[in-house]
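Thank you all for coming. Please have the sequence and the model in view while I talk.

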Amino acid sequence: MLAGCLQNPNAVGGGGAAGGGSVVDNAETDGDKVVTVMGAFGGAEADAFRESLAEFEAETGIRIEYNPDSDFTNLIRLRTSSGQQPDIAIFPQPGGLLELAEQGYVEPIDTYLDYDELDRTLLPGFLESARLNGRVYGAPMRMAVKSIVWYPKAAYEAGGWNTAPANLDELAEVAAEISATGTPAWCMGWESGQGTGWPGTDWIEELMLRMWGPDVYDDWVTNRIPFNDERVVAAFDALGEMIDAPNNVRGGRSGILSTAFGDAMLPAFADPPGCYLERQGNFVTGFLPEGVQANLDEEVGLFIYPPAAEGEYTGQPMLGGGDLAALMNGNDPDAIEVMRFLTSDRFGGPWASAGGWLSPHSTFDVSLYPDEITRTTAEFAASADVFRYDGSDLMPNAVGAGSFWDGMIEWLQGTKTAEQVTTDIQNSWPVDDSAKDEGDGS
Amino acid sequence: MTAVAAPDRPVVRRGGSPARPLRALWGLVGVVLVGWVLGNGFLSLAYHPEWYGHNRILMALVGIVLGIGGSALLFYCINVFIESLPQRASQGLIPYAFLLPAFALIGLMLLYPTVQTINYSFANNKSTAYVGLDNYRAIFADPAFWTALTNNALWLLVVPAVTVAVGLVVALFADRLSAGGEKYSKSLIFLPMAISFVAASTIWGKLIYDANPNIGVLNAILGTENDWIRMSGGRLNSFLMMIILIWMQTGFAMVLLSSAIKNVPDETLEAARLDGANERAIFFRVIVPQIKGTVLTVFITVVILVMKVFDIIYVLTNGQNNTNVIAVMFFDELFTAGRAGRASAIVVVLLLLVPPILVYQVRAYRKEAAR
């Protein structure tokens with residue numbers, strides 16, 4: 001009787017995932033030449049997005065209404081649970097997409113896109129991030145890459161250091177040479193307000209990929225191997241070794257924690273530089289001083305964060321992320337048409353020229369990018385042996401946006417050892433309570 | 001309405017007016033009609049913004065007219081209904097009738113969520129099935145929950161007492177200043193009250209506690225480069241954050257206590273002085289006993305505020321570095337981890353902790369007053 005006070009456990013969408021046969025639907029009118037799209041990016045990015053769609057709209061006569069919201073992750077849940085989902089949603093993280101896919105609100109892409117065609121042109125590994133129970137529920141329309149090392153071009157070249165280290169050992173040599181001059185080699189900053197610690201998770205992910213390879217990485221982010229596996233602890237130790245090497249990282253452990261990730265590289269452009277190298281995503285250029293930003297190609301140099309020299313895996317990995325477009329109305333031919341365009345390599349020309357956007361397709365026309373830096377970044381991504389999605393974005397929120405961040409801080413401060421931290425994180429991994437969903441009470 | 005009307009009586013006399021069923025009916029119909037129009041009017045704002053040309057100002061105006069005009073009409077109709085009842089019934093019912101809408105709203109907005117939260121605390125993460133006491137077992141077994149609880153206890157021990165003490169001292173000394181000096185010093189101390197919690201936390205976090213001595217005043221003064229907000233040794237960072245709340249609340253305590261001090265009759269002070277009491281004795285034996293009620297009011301207000309403290313911790317550390325408190329933990333469980341069951345259980349614990357503290361305080365006050 002009391003169960004009447006709870007929410008209906010069987011309130012799923014169209015049942016695309018559950019039923020298999022039927023098609024997911026929403027409350028929007030089908031085939032009316034209007035397609036509603038929701039996403040997380042606003043401002044200049046939203047303008048560039050709309051601009052990239054203008055030609056398509058003129059050709060097909062479909063009008064695309066894009067509504068951005070900065071709190072997308074919560075809003076899409078809210079709208080979906082009240083039956084007001086858009087035709088297409090663009091998810092910044094796969095976690096939220098898979099959650100809604102599991103509840104049957106998202107159409108699997110194999111029902112309306114040419115999966116093999118997509119798989120051929122996309123960077124390997126992208127579609128995997130949106131896979132649930134064997135089916136893929138979203139396709140990327142934008143890519144971010146993180147395995148890039150940036151340096152101040154003039155000062156670094158004056159030092160005569162290796163501008164393309166082939167493996168982690170060579171990179172460590174470069175760092176040692178720089179440290180020997182009296183200036184720390186690495187710039188690092190993990191402070192990010194409520195999200196403090198996330199840049200640290202990226203480092204662990206990079207090292208996991210390089211030390212143990214993509215298969216172990218996949219097992220790790222899905223918790224098929226426990227978070228406190230000795231291989232994860234080894235990655236923490238490797239990072240600790242790098243941080244604790246004398247004069248290797250600017251500010252040492254306490255300095256890293258109090259430096260905002262966006263400010264970390266500013267000392268590199270001081271005269272003389274306060275540090276030289278920073279491993280960070282392609283968005284870092286947006287945080288550089290204005291003078292540097294105006295002349296990126298001349299001021300900033302970059303190389304790919306190299307693979308391990310030897311060991312379990314020596315291929316070149318690329319860590320990154322992307323926005324995944326997902327169809328929430330399988331009955332609307334117009335929405336399907338838009339999805340085909342969004343996820344193809346034809347999408348994004350004007351956005352690419354505006355800057356700050358990378359196509360997830362290796363076949364995208366790189367001449368559309370505004371500068372050499374962006375082109376090089378895209379080439380790095382395309383030439384990588386394996387692409388892997390940012391692990392903390394794939395882990396459940398309680399870990400990927402919670403205990404993993406906290407753990408990085410406690411470990412960095414030395415209040416807990418790598419073993420303690422990883423065990424804490426493993427214990428915070430949510431236990432699947434789906435069994436309880438169907439159990440007692442109803 | 002059950003009383004029989006007397007149609008042949010021409011004048012309605014005071015003290016025994018009869019029931020008027022027709023008028024009662026029209027009052028009742030009016031209540032229902034106004035309620036229906038109001039409800040649909042407000043819903044139309046949400047569901048059919050196109051009726052108002054998507055004009056937000058127009059919609060706001062409609063909302064104001066509906067809200068104020070509607071409630072006036074509603075009360076008018078209730079009044080019509082009540083007054084048409086036999087006078088004895090109507091006189092007894094009128095206070096209840098006018099309280100009813102307020103009680104209904106409180107029930108809807110306060111009691112219903114409370115009951116539902118307690119209900120959900122026994123259910124799973126999606127609130128779809130009961131899981132017994134699992135949520136409570138999980139949170140009580142979680143060391144992070146005990147850290148949060150300890151921190152809340154620390155906040156409770158320190159902040160209200162220090163706020164009242166500092167407020168009292170400031171009020172006392174401001175009282176001795178010249179009229180102008182008192183006015184300005186009080187305004188200055190009251191000023192932080194006008195700053196939002198988020199802004200105050202940012203000001204302190206950046207300008208006072210920042211690790212860079214070129215930005216953070218504390219490091220500049222001490223000549224150190226400590227990242228204060230992350231130093232959890234001896235709960236230092238928690239204490240540093242408590243200072244922010246004390247800084248914000250002292251003004252509030254001062255204003256109330258100051259007016260209480262001014263209300264202490266001069267005669268009692270004079271009598272004490274004539275008897276040879278020194279200033280210390282006057283303060284503790286004459287002033288403080290007379291303003292005890294105000295002190296307690298301020299204390300309880302700050303206690304309740306501290307139980308709910310969220311913004312300062314959320315902005316500065318997000319509960320990291322051993323600074324977590326119950327409210328932040330609840331937020332993380334519900335919105336980051338998506339565990340509605342545990343989140344509900346955490347706030348239920350908070351809900352259970354508040355009444356004993358209040359009851360104890362009020363009891364202590366009554367005992368004091370009865371003495």
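I will go through chain B as a whole and then turn to one residue in chain A.

This is a predicted model, in which local features need pLDDT of at least 70 and side-chain atom pairs count only at pLDDT 80 or more, while totals for chains, interfaces and linings use all residues. Residues are numbered from 1 along each chain as its sequence is written, chains are lettered from A and ligands numbered from 1 in the order in which they are written, and side-chain values use heavy atoms, with hydrogens and water left out.

Chain B has 15 helices and 0 strands, where helices (H or I, at least four residues) and strands (E, at least two) are DSSP runs numbered from the N terminus. Its radius of gyration, taken over C-alpha atoms, is 28 Å, well over the 21 Å that the globule rule (2.2 Å times the number of residues to the power 0.38) gives for 371 residues, so chain B is more spread out than a compact globule. The C-alpha trace of chain B spans about 95 × 65 × 45 Å along its principal axes. Of the 371 residues in chain B, 39% are buried, meaning under 20% relative accessible area with a 1.4 Å probe and protein chains only.

In chain A, Ser52(A) sits in helix H1, which covers residues 43–60, and is buried, with a relative accessible area of 4%.

Terms used
Buried < 20%, exposed > 50% of the residue type's maximum accessible area, 1.4 Å probe, protein only.
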